[in-house]
Amino acid sequence: MSDSYKIVAKITKKQIADNLLKNTRIDGRGLLDYREITTEIGLLEKASGSALVSIGKTKVLAGVKVEMGEPYPDKPDAGVLTVNVELTPLASPSFEPGPPSEDAIELARVVDRGIRESKAVDLNKLCIVPGKKVFVVFVDLNVLNHSGNLFDTSALASILALMNAKTREYTVSKGGQLKYKKSTTHLPIQNFPVEVTVAKIGEKMVVDVSLEEEAVIDAQLTIAVGKDNEICAIQKSLIGTFSQDEVHQALQIATDKAKEIREKVLRGVEGWLEGKE
Amino acid sequence: MPKKAKSEKLIRRGVRTDGRKIHDLRNIKIEVGPLERADGSAYIEWGNNKILAAVYGPREVHPRHLARPDRAFFRCRYHMAPFSTTERKRPAPSRRERELSKVTRVALEPSILTKLYPRAGIDVFIEILQSDGGTRCAGITAASIALVDAGIPMKDLVAACAAGKIDGKIVLDLNEVEDQEGDADVPVAIMPRTGGISLLQMDGILSQTEFKEALELALEGCKQVYELQKEALTKAYVQEEAPVKDEEKSEGEEQNE
């Protein structure tokens with residue numbers, strides 16, 4: 001990511017650019033092709049929900065924990081959602097331990113925005129006692145291998161882990177005391193946002209940039225698209241610029257790709273969700 | 001997200017809570033160079049937003065390992081004063097402020113000729129004294145003026161403005177209430193001469209056509225802001241030059257330095 005200063009061999013940059021002119025990429029993909037996406041869901045027992053998503057060699061593990069907490073004063077009857085990202089040194093030689101970097105914060109906030117604004121989790125259903133007790137949903141992302149396109153991978157891991165997450169059912173006594181039942185229930189999920197990052201290299205638009213490509217891209221737009229093709233969040237990053245036409249172009253690419261990814265991923269997952277009902 | 005005041009409309013008969021029409025910008029006042037010690041500075045009042053921006057540099061970078069061999073190292077800090085919000089904000093930078101610092105840097109950097117100053121550093125500090133929605137756009141607009149005031153070589157100004165959706169309508173420049181209770185917010189910054197979009201964010205829900213409409217409107221807003229920026233700069237520098245011209249007549253050869 002942009003925090004670590006990248007010096008790329010001119011020859012690599014040229015190679016990437018030359019390939020793009022021929023509408024191919026150094027790893028042989030087309031401009032709008034993703035690397036292979038694989039998902040593994042519910043792989044951890046102690047987490048309320050978990051998902052491991054790989055896009056190519058990039059790997060992100062998302063864990064969800066649901067705990068009791070207090071609501072925000074301005075939203076007394078809504079549950080709380082927080083997204084946190086750890087760019088651990090396991091994932092890349094340029095990541096260092098310590099407090100989250102600017103990049104980690106941006107990544108977490110962009111993922112958060114996609115989930116929050118698409119209303120993927122119906123937070124109103126997570127209120128226990130208005131103004132006092134609500135469920136707090138923590139989504140913690142652990143980047144395990146950074147090989148480009150952390151935004152899309154992290155967003156996908158988050159929503160899948162949320163879909164996987166279960167909470168204990170409960171009853172509330174008159175005094176506001178909570179009594180858990182043995183049965184569990186899924187979180188109230190009502191949307192499936194997919195984030196697609198469209199990068200601009202020279203005049204060309206590409207998706208799912210690899211690590212080598214990430215070092216030479218001029219600018220990128222991360223667009224979160226909901227299940228009805230609505231746009232829920234956008235973030236432009238890196239120091240290049242987009243023209244208005246390019247934004248429209250990126251929007252079209254993101255909408256198409258989001259749909260494609262959602263269908264592909266849910267095909268594998270849907271049955272699983274129903275089975276757990 | 002619950003809407004607190006569903007009954008209270010944000011637009012009534014085409015008029016918004018602060019009296020504006022849907023395509024109106026708030027009143028903007030820009031002052032160039034209000035700060036003594038900074039190399040460049042600007043103060044902006046954008047509706048009820050009151051924001052100061054200061055620029056230092058090109059100067060030595062600290063810590064030194066951050067220096068870049070081929071360009072100046074450009075840093076931005078967006079910070080809200082504890083008293084700038086309704087409830088006191090803790091002075092330590094929040095995650096939101098750190099993200100906004102980053103998007104501000106990314107919005108301004110393409111306008112700066114950083115390659116002219118390898119190994120040097122250029123720092124921008126934006127301090128929100130009072131916030132009323134749209135502080136990032138106002139901050140970027142002010143910072144760009146402060147960069148000019150500091151004499152940093154630039155390709156273009158950066159002008160910023162947001163559009164959004166409230167009560168089902170696409171409107172320009174959301175204030176705090178509209179931002180909190182509206183449906184979407186799209187802050188945009190452009191380099192007006194080339195039309196390059198250097199900041200683009202969105203949150204909320206918009207359909208594809210609504211987004212395109214909002215982007216178009218925000219770009220129009222940016223152009224209006226750009227005119228105000230040019231006006232402020234012209235006013236500031238033309239005034240300073242005026243007395244020199246008078247001396248020219250009386251004392252003849254002393255200038256031309």
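User: Let's start with an arginine: where is B:R13 found?

Analyst: B:R13 is found in the loop between β1 (11-12) and β2 (15-16) of chain B. Helices here are DSSP runs of H or I with at least four residues, strands are E runs of at least two, and both are numbered from the N terminus. Keep in mind that this is a predicted model, with local features needing pLDDT of at least 70, side-chain atom pairs counting only at pLDDT 80 or more, and totals for chains, interfaces and linings using all residues. Residues are numbered from 1 along each chain as its sequence is written, chains are lettered from A and ligands numbered from 1 in the order in which they are written, and side-chain values use heavy atoms, with hydrogens and water left out.

User: What makes B:R13 exposed?

Analyst: Its relative accessible area is 86%. Exposed means over 50%, buried means under 20%, and partly exposed is in between (1.4 Å probe, protein chains only). So B:R13 counts as exposed. Its backbone is worth a look too: phi is positive, about 45 degrees, although B:R13 is not a glycine.

User: And which residue of chain A has a positive phi of about 70 degrees although it is not a glycine?

Analyst: That's A:L238, in the loop between β12 (231-237) and α5 (244-275) of chain A.

User: Why is A:R29 called buried?

Analyst: A:R29 has a relative accessible area of 9%, so it counts as buried. This arginine is found in the loop between α1 and β1 (37-41) of chain A. Leaving out residues up to four places away in sequence, A:R29 touches A:T24, A:Y34, A:R35, A:V207, A:D208, A:S210 and A:E213. Touching, or contact, means heavy atoms within 4.5 Å.

User: What about B:L116: why is it called exposed?

Analyst: Relative accessibility for B:L116 is 51%, so it counts as exposed. You'll find B:L116 in the loop between α1 and β7 (120-130) of chain B.

User: Which residues of α1(A) are buried, and what do they pack against?

Analyst: The buried ones are A:I16, A:N19 and A:L20. Seen down the axis, they fall within an arc of 105 degrees, so they line one face of α1(A). The arc is that of the directions from the helix axis to the C-beta atoms. Their packing partners are β9 (194-201), β10 (204-207) and α4 (211-214) of chain A. Turned away from that buried side are the exposed residues A:K10, A:I11, A:K14 and A:L21.

User: Which residues of α2(A) make the contact?

Analyst: On that side, A:E102, A:D103, A:I105, A:E106, A:A108, A:R109 and A:R113. Among those on the α1(B) side are B:R95, B:E99 and B:V103.

User: How do the residues of that contact divide?

Analyst: Three are nonpolar, one is polar and eleven are charged.  Ala, Val, Leu, Ile, Met, Phe, Trp, Tyr, Cys and Pro count as nonpolar, Asp, Glu, Lys and Arg as charged, and the others, Gly among them, as polar.

User: How many residues of α1(B) are buried?

Analyst: Eleven of its 14 residues, and α1(B) is mostly covered. The buried set includes B:E99, B:L100 and B:V103.

User: Last one: which residues does the cis peptide bond with omega of about -5 degrees join?

Analyst: B:G57 and B:P58, with B:P58 placed in strand β5 (residues 49-60) of chain B. The bond from B:H62 to B:P63 is cis as well, with omega near -10 degrees.
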